Amino acid sequence: MLRNRLLAAGIACLLPFSPAARSALNVDVAYVGQIIDRGPVLSNIIPEPDDAGRQGAQLAIADSNTTGRFLKHHYELHTIEGEDARQLVADSRALYDRGLRLFVLNTDAATLAALREALPDDSLLINAGSRADALRTDQCIDQLLHTIPSRAMLADALAQWLIYRRWNRWLLVRGNTADDQAFADAIRRAAKRFGGRIVAEKAWSFDTDLRRTAQKELPPFTAGAEYDVVVVADERGDFGEYLPYNTGLPRPVVGTQGLMPVGWHKMIEAWGAAQLHSRFEAQAQRWMNEKDYASWAGVRTLAEAVTRTGSNDPARLRDYILSDQFELAAFKGRKLNFRHWSGQLRQPIALVHPRALVSQSPQDGFLHPHTDLDTLGFDEPESGCRVVE
Amino acid sequence: MKRSRFVMSLLAGALAAAGTAHASVAYISNEKDDTLSVLDLNSWQVVETIEVGERPRGIALSKDGSKLYICASDSDTVQVMDLATRRIIANLPSGADPEQFALHPDNRKLYISNEDDALVTVVDTQTHEVLAQIEVGVEPEGMAVSPDGRWAVNTSETTNMLHWIDTQTHALVDNTLVDQRPRHVEFREDGQLLWASAEIGGTVSVVDVPSRQIIKKLTFEIKGIHPDKIQPVGVKLSRDGRYAFVALGPANHVAVVDANSYEVLDYLLVGRRVWHMAFTPDGRYLLTTNGVSGDVSVINVDDLKVERSIKVGRYPWGVVTTP
């Protein structure tokens, strides 16, 4: 009895107040960040920062509190970070038991599934970490939204641009991790969709130190067939950084290195992005990357729904987020919203090299009956997921 | 003798006046060139290009037309140009990253958006003192002061609000939630209505000033252009009260709206990425800044035709005209 009353009181302070716009509202958001050891890599000069993702969530909380001040909405971030997936799940459940219902998750696909198992259905989960296509097609996780682009979206964005340039013949070079394999799968699918031709495919499994020998090893490795570009699938950056300028034919390198399709990058500066970068850099003392952006967009999605509904009830927020009214201004030059089948945030994909923006997909001329943004990634008929029935 | 000296000085005065007025001109800020283009409105020629501070964006005239205020965003200052000599005579303490501003009818209080700091800074243009700094939403952008001087209204691009600042107390007294990324606000001459554009939302809200409520939301539709690329930024209301002109950014068109019925009458093709606009002093022409194509389009307000375009600097941003 006493325990029940305590629980009720605990819930009362965190859960929905009346939706009246001006009553004070606390919005508690959990950020769960899995630190993933990607193993030793040959190109280890610029490692991914450990706080990638979390810094984006923090900035979005600060942005939302500036807005919230005028509406008496207060946002607070509860952060869980670590390498051990089981611990992350247990800690997340503990946050749920304290009344948290809104979760932004920067983890791998397996941990996402475990989190969905552990967190009851009345919690709203946003994936800001896993690009796995399966999560958008057949391994659908109930009521999961995604702010990070899938691999298919990245590969399609790149493929459209290659076709636009008429660089149709691709030499595909991939590493040997499961992630590299998945990226290569997305490239093969994109080739089929848009009319690219993979003239040859090679797996890189050498263990020589390319910092010293790239000039000797890579030209013969990429010689043979005639091709327009080398498409590299090396997600953790093991050997791909050494491919540009070391190809057998004098051709560009695209994919996970060289010209890269990305959800976010320092080189995106139009549409007000320069302002987002300067706020982020003032906070984090480094550049904002894709993981930061996905978590930023996750928190901002929740906050935008809170602002418009005046509620922090997860079911109400979810309904609003998946409704036609929802729109997110996210520094990509157009409003963003979510796909009703996979829960994926529709978004343009930038194509960058390390020092400049080259293009942005969807490219002109790739048409879609609903929105050209749905030419990127798995479209409704190709996906078995139904976030909205 | 005395008389001729008098005539001489009159003549000199007249010459000086002619020299300073330069006939009718437009000043255009070129964001990526750190310059202003001076456009002669009779010959439609760029007659001078003036170097100013870094990343000039918003520009505004003093009420007597003698000075030009320039937001030099990356120099973190508002520069004051004496238009008689076209020299910078002062730098105002604007707060960091000033983007847009509006001058109070008293010709002294300048309300400045500080985009990076979520602040509006109020500066006295005579004493150069900062009178107040007011906390607003994320990425403050558009600024307007009501014709009666009572309200300063600021838009915040990421908070998606209009912030109503009482100019007597410099307190923020109300907020109106609008669509995504509000960019520009423009009061009707009688001060009863306020027009506010939302770039990413793709709408223009017409707000009743006494109640601060939205009474009408305009949407736009251009055949062959994806709705997401129709992004309203600048708004100008014709002095005769007939039209509102809305610059639609990457849609490369200016919408002509009946300012009374709110019906969209026409879409005029201008240069690429059209942002801000200004009427010529006689009200006959409307100039638009087209950032991507680096030019200014000239719209004839009588027959609603685009008459010409004039190359200026890189990324023209703001424009004002002076008789």
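In the predicted model described here, 13 residues of chain A are in contact with 17 residues of chain B, two residues being in contact if their C-beta atoms, placed from the backbone, lie within 7 Å. On the side of chain A that touches chain B, helix H2 (54-68) and helix H9 (273-284) of chain A each supply at least two residues. Helices (H or I, at least four residues) and strands (E, at least two) are DSSP runs, numbered from the N terminus. The residues on this side of chain A comprise 2 nonpolar, 5 polar and 6 charged. Ala, Val, Leu, Ile, Met, Phe, Trp, Tyr, Cys and Pro count as nonpolar, Asp, Glu, Lys and Arg as charged, and the others, Gly among them, as polar.

Because the model is predicted, local features need pLDDT of at least 70 and side-chain atom pairs count only at pLDDT 80 or more, while totals for chains, interfaces and linings use all residues. Residues are numbered from 1 along each chain as its sequence is written, and chains are lettered from A and ligands numbered from 1 in the order in which they are written.

Chain A contains 11 helices and 14 strands. A compact globule of 389 residues would have a radius of gyration near 21 Å, and the 22 Å found for chain A agrees with this. The radius of gyration is taken over C-alpha atoms, and the globule rule is 2.2 Å times the number of residues to the power 0.38. Along the principal axes, the C-alpha atoms of chain A fill a box of roughly 75 × 45 × 40 Å. Of the 389 residues in chain A, 50% are buried; a residue is buried if 20 or more other C-beta atoms lie within 10 Å of its own, exposed if 12 or fewer, and partly exposed in between, with C-beta atoms placed from the backbone. Among contacts in chain A between residues at least 6 apart in sequence, 68% join residues at least 24 apart.

Chain A is divided into domain 1 (2-149 + 265-347) and domain 2 (152-262), with bounds that come from an automatic or database domain assignment. The C-alpha centres of the two domains of chain A are 32 Å apart. Contact between these domains involves 9 residues of domain 1 and 15 residues of domain 2. The side of domain 1 that touches domain 2 has 4 nonpolar, 2 polar and 3 charged residues.

In chain A, 5 strands form an open sheet with parallel pairing, in the order E2-E1-E3-E4-E5; two strands pair if DSSP finds at least two bridges between them. Strand E2 (73-82) and strand E5 (144-146) of chain A stand at the edges with a single partner strand each, so one side of each has no neighbour in the sheet. From one strand to the next, the twist averages 25°. Strand E1 (residues 25-34) of chain A pairs with E2(A) in the parallel sense over 10 bridges, and A:Val27 stands opposite A:Tyr75 in E2(A). Helix H4 (residues 109-118) of chain A lies across E1, strand E3 (102-106), strand E4 (124-127) and E5 of chain A, and runs at about 175° to E4(A). Axes are lines fitted to C-alpha atoms, for helices over the stretch in contact, and angles run from 0 to 180 degrees between N-to-C directions.

Another open sheet of chain A has 4 strands in the order E7-E6-E8-E9, again with parallel pairing. Strand E7 (197-203) and strand E9 (253-255) of chain A are at its edges, each with a single partner strand, so one side of each is left without a neighbour in the sheet. The twist in this sheet averages 30° from one strand to the next. Strand E6 (residues 169-174) of chain A and E7(A) are paired in the parallel sense over 6 bridges, with A:Leu171 opposite A:Ala200 in E7(A). Helix H7 (residues 178-194) of chain A lies across E6, E7 and strand E8 (229-233) of chain A, at about 165° to E6(A).

Strand E13 (residues 349-353) of chain A is largely enclosed by the rest of the structure, because 4 of its 5 residues are buried. Strand E10 (residues 260-262) of chain A pairs with E13(A) in the antiparallel sense over 3 bridges, and A:Pro261 stands opposite A:Leu351 in E13(A). E13(A) also pairs in the antiparallel sense with strand E14 (residues 356-361) of chain A, over 5 bridges. A hairpin joins E13(A) to E14(A) through 2 residues.
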